[in-house]
Structure formats: structure tokens, C-alpha cells
Amino acid sequence: MKKILFIAMSVCALFTACKIDEPDKDLHRVIFDPGNLKFLSTSLNTVKETSSALYGNQEALKSLQENHQLKPDSEFKLVTWKYHENPQYIGGTINGELVSVETLKTDKNGNISYQLKTDSKTENNPNNKEERIQYIMSYNPVTRP
Amino acid sequence: MDTVKKKKSPIAVAFLVILGIFGGLQLFNQPLEGKVTTKQIEAPREVISILENSCFNCHSNQQNLSWYDKIAPVSWTVNKDVERAREVLNFSEYDASPAEHKGNMYAILNMMQSGKMPLHNYTLFHPSAKITQQDIDVIKKYTLSLASANPVKKEEKNIHRNIPLTENSTPAKFPVSPNGVKYTDDYKNWKVISMSTLFDNSVRVIYGNNIAVKAIETENFHPWPDGSMVVKSVWKQEKLAGGEVRAGEFVNAQFMVKDSKKHTDTEGWGFAKFSGKDLHPTGKTADFAKESCIACHRQLAEKTGYLFDVPMKVNTERLIKNLQK
């Protein structure tokens, strides 16, 4: 009887020991949805280890193409991610965690609004607002034949 | 007359039959094609020594095969492996530019680090060819030392190469790769699925069509559904102050199109690369990707359905909610 009990317990222990841990089960792969905006440009920063995608509407594209001057009815979104070494290839990097989404808009009269969204806050008038607007306006649209 | 037949042992009969079959097989045993060394790979002695010990038996014209490798039916597999290996990378016909050499070394490092090369069924019978962590460290140190190699203007063979843009050439119509994969600029309206860089100082943005995007979002890419299309734009890096890097000159657009019935030799993926402003397609024959692209994708990116740049699974629900909405 003792033997049977021992065997039964061992089998139970074996099953509990085989519980599969899924460390990433609450994590997701994210594809940013820019709505009706189109991809315009990209950058990375090797000091901050971030990479960014700049999206915009037609007016935003024109704003960058024509002397980097903000035109009325423009809308930009600058989406920034942390990058990591590509787990499948030494010598390559790939974007990982979403860090921030910055939105720059002008209305039909050319009034400018800016918003910064991070994981912890949403700010409409951060101290470096002007600097960030200038930064976004410094991009050139990428060339794709 | 006493004609007592001696009963033959069944073991002896079986042995003779096996021996006969084995002998017969040797009639179909073609020796491996002998080739001369035209240009051997150049690298520090310790690197060459590792390659000679673990890779040369297949990836060169200097085979030092064991006797059992030369006997059919083992020789059939060995010869096939050697021919295939020589097609992908041959250290005895190594006419590589510095940039190509760098690309090859990264491929070698990644293959070794991931344990994909040397092949497991090869080291099983050739244990001395096994790679140690020390060997990988030597290869890694050398490969990383190549990072500052000067970019080469010469046309390169590496699939991830940089090709100088010719200014006055625009495509008259959209080109087609030799394997039938057609260029389309629809990708300019697709979602960006990821962004990456590579050792060749390039910036890369990867777009996916709706099928591919849905496959990623629902974690349904084992295998990728037919009709998935992924395009990667590659630019040279333009370096600014403070570590800022922008996309500079356009290099190429790389396509992967999933059609499991059509591209049976390349895990269902049709590969294509269109380079320069004229978007000239890579490859001379329909099966060019069999000898280049798929070799790395198959060995190193199996976990993500043979795509290297699937976005990482690292974002929490809360983060997505806060930032995406």
C-alpha cells in the first residue's frame, strides 16, 4: 500500500513540476496604428538607444518638403521605441518597448498644438515644447523610389 | 550416396545479403567532385584554424573526409551536403570584398552562436568538429573588429549589401524578381511593423500588409498565412550630433511574399530585393534565394516563421492602452 501511495505521489509531483512558465504571456507585440497618417521618416538615437517613426498627413509631408515650415492643417505623430539587440541576429537591433507618442498639429489658421504621451503622463505644454517642435520639423521625408 | 546438405545459419545468410546489397550500392557511389582552391579566405590564424577544423569539410574544396563518409549510402548525404554548403559559402573560392567578408563573418558568428552550425548530424559523427564557447569568442572578437571596415563601392554579392544609388535612373515600370515576386509600392500605405539596424550601418523600416499585421497581432505566424507580404526599406545611415541617426540614401527594398504552394524550396516565402533608384532586382535564376536568403532565415529565424524583424513581445497591455489610444 505504501508503495502504491509513493508511486501515486511521485506521478503527481512529476506533473506539477512540469508546469510551463510563460514569462511573456502578459506581454504583446505592438504595431502602432497611425490612423490616417502615413509613414514619413525614421531616426534612431544611439545614445538613448531609441528608434522613432514619424507619421504625418499630406500637409505634414508638404511642411517637411517645403523649407520645414509648418503649414495649416498639418498633423504629425512621432512614435519612439526603445531598441534592443535583435535576439535572432548578433549585429542587428530591433525596436522593443514603446516609449512615447508626440503629436504636433496645426489648425486651419496655423495655430499649433503639441502633446507628449508617455507611459506615466500626458502633457500638452512641456517645458521643451518648442525644442520638440523644432526637432520634429527637422526631419526630411525618406526617399523611396 | 550420402548427400547431406549442410544447413546454413540464417545469420550468415542475412550477413551475406546485407554485404551483397552494400556492395551493390557502391556501384552507384559517385565520388565528390574535386575542385581547386582559387582564393582561400584570409583571416587571423586562430580564426582560420577554427574554420578549418569545423567548417572546411563542407564549405571548401579541401575536404578531409573520414573513410565512412565516402561509402554509399552515407556518401550520398555527405556529397549533397558538401555541394549545398559550397553553393552557400565556399572558403576556397572566396572572392569577397571587405564588406562581403564582414557580412559573411556575422553570418558565421550567428550560425555558431545559435548552435545551428556545424550541423548536429555532422558533429555526431565528427565530434572533433564541435564548436566551443572559446571558439565562438574568437570568431566574435574578430567579427566585431571588422565593424569599422571601410564601406566598399564595388557591387557586392551579400544580400544585405549597400549599393550606390545611380542618380538619373528611375524605373520605367515596376520590376519583377527572377522568382516572379513583383515589386509594388503599395507598401508605402502599409503599417510599419518594426524598425531595425544592421552591422552594415544601415537603417531599416519594415512594413506589413493587412494579412501580415493581423498575423503578428494575433500571434498567428507559425506558419505565416498565405498572402502575407513584408517589405523592408533600407537606407544608409546619416549620422548627426548627439547619437542621432537619420535615414540617408536609399539602398534597396527587400520583399518577402508568402505563398506556400509556389515557393516550396524557401519555406513558402518568395524573396526579392530591388536595389538603387532603378530598383534593379537581385538574382539571375528563379531559385537564387535558395542559395542566399533562405540559408540564414531558415537557420536563425525559425522561431518567428523565418522573418528576422518581427516586433519584440515586450509591451504590456497598460502601456499600449496609455500610448496607443
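How many Å separate the centres of domain 1 of chain B and domain 2 of chain B, taken over C-alpha atoms? I looked this up as my opening entry, bearing in mind that the model is predicted. The separation of the two centres is 26 Å.

**Entry: domains of chain B**

I noted the bounds from the domain assignment: domain 1 of chain B covers 45-148, and domain 2 of chain B covers 185-317. I then looked at where the two touch. Domain 1 of chain B puts 12 residues into the contact, and domain 2 of chain B puts in 7 residues. On the side of domain 1, the elements giving two or more residues are α3 (74-88) and α4 (98-113) of chain B. Of these I marked α4(B), which gives the most to that side, with 7 residues. I also sorted the residues on the domain 1 side by class and found 6 nonpolar, 3 polar and 3 charged.

**Entry: α4 against α6 in chain B**

I stayed with α4(B) and looked at its packing on helix α6 (residues 133-145) of chain B. The angle between them is about 155°, and their axes are 10 Å apart. An angle over 145 degrees counts as roughly antiparallel, so α4(B) is roughly antiparallel to α6(B). I recorded the crossing of these two helices as left-handed.

Which residues of α4(B) meet α6(B)? I listed Met105(B), Tyr106(B), Ile108(B), Leu109(B), Met112(B) and Gln113(B). By class, the contact of α4(B) with α6(B) has 8 nonpolar, 2 polar and 1 charged residues.

**Entry: α2 against α6 in chain B**

I next checked another helix packed on α6(B), namely α2 (residues 45-54) of chain B. Here the angle is about 130°, with the axes 10 Å apart. That angle makes α2(B) oblique to α6(B). The crossing of α2(B) and α6(B) is left-handed. From α2(B), the contact takes Glu46(B), Val47(B) and Ile50(B). From α6(B), the contact takes Asp135(B), Val138(B), Ile139(B) and Tyr142(B). I counted the classes in this contact as 5 nonpolar, no polar and 2 charged.

**Entry: chain A against chain B**

How many residues of chain A are in contact with chain B? I found 41 residues of chain A in contact with 52 residues of chain B. On the chain A side, the elements that give two or more residues are β1 (27-28), β2 (38-45), β3 (50-56) and β5 (92-106). The largest share of that side comes from β5(A), with 8 residues. By class, I wrote down 15 nonpolar, 16 polar and 10 charged residues for the side of chain A that touches chain B.

I then followed β2(A) across to chain B. It pairs with strand β4 (residues 244-258) of chain B in the antiparallel sense, over 3 bridges. For Leu44(A), the bridge partner in β4(B) is Val245(B).

**Entry: backbone checks**

Most residues other than glycine have a negative phi, and most peptide bonds are trans. I looked for exceptions.

Met117(B) and Pro118(B) are joined by a cis peptide bond, with omega about -10°. I placed Pro118(B) in the loop between α4 and α5 (120-125) of chain B.

His222(B) and Pro223(B) are also joined by a cis peptide bond, with omega about 5°. Pro223(B) sits in the loop between α7 (210-217) and β3 (229-239) of chain B.

His68(A) lies in the loop between α2 (58-65) and β4 (75-85) of chain A.

Terms used
Residues numbered from 1 in each chain as written. Chains lettered and ligands numbered in written order. Predicted model: local features only at pLDDT ≥ 70, side-chain atom pairs only at ≥ 80, totals over all residues. Domains from an automatic or database assignment. Contact = placed C-beta atoms within 7 Å. Helix = DSSP H or I, 4+ residues; strand = E, 2+ residues; numbered from the N terminus. Nonpolar A, V, L, I, M, F, W, Y, C, P; charged D, E, K, R; others polar. Axes fitted to C-alpha atoms, helices over the stretch in contact; angles between N-to-C directions. Parallel < 35°, antiparallel > 145°, perpendicular 65-115°, else oblique. Left-handed = near helix turned anticlockwise from the far one by under 90°. Pairing = 2+ DSSP bridges.
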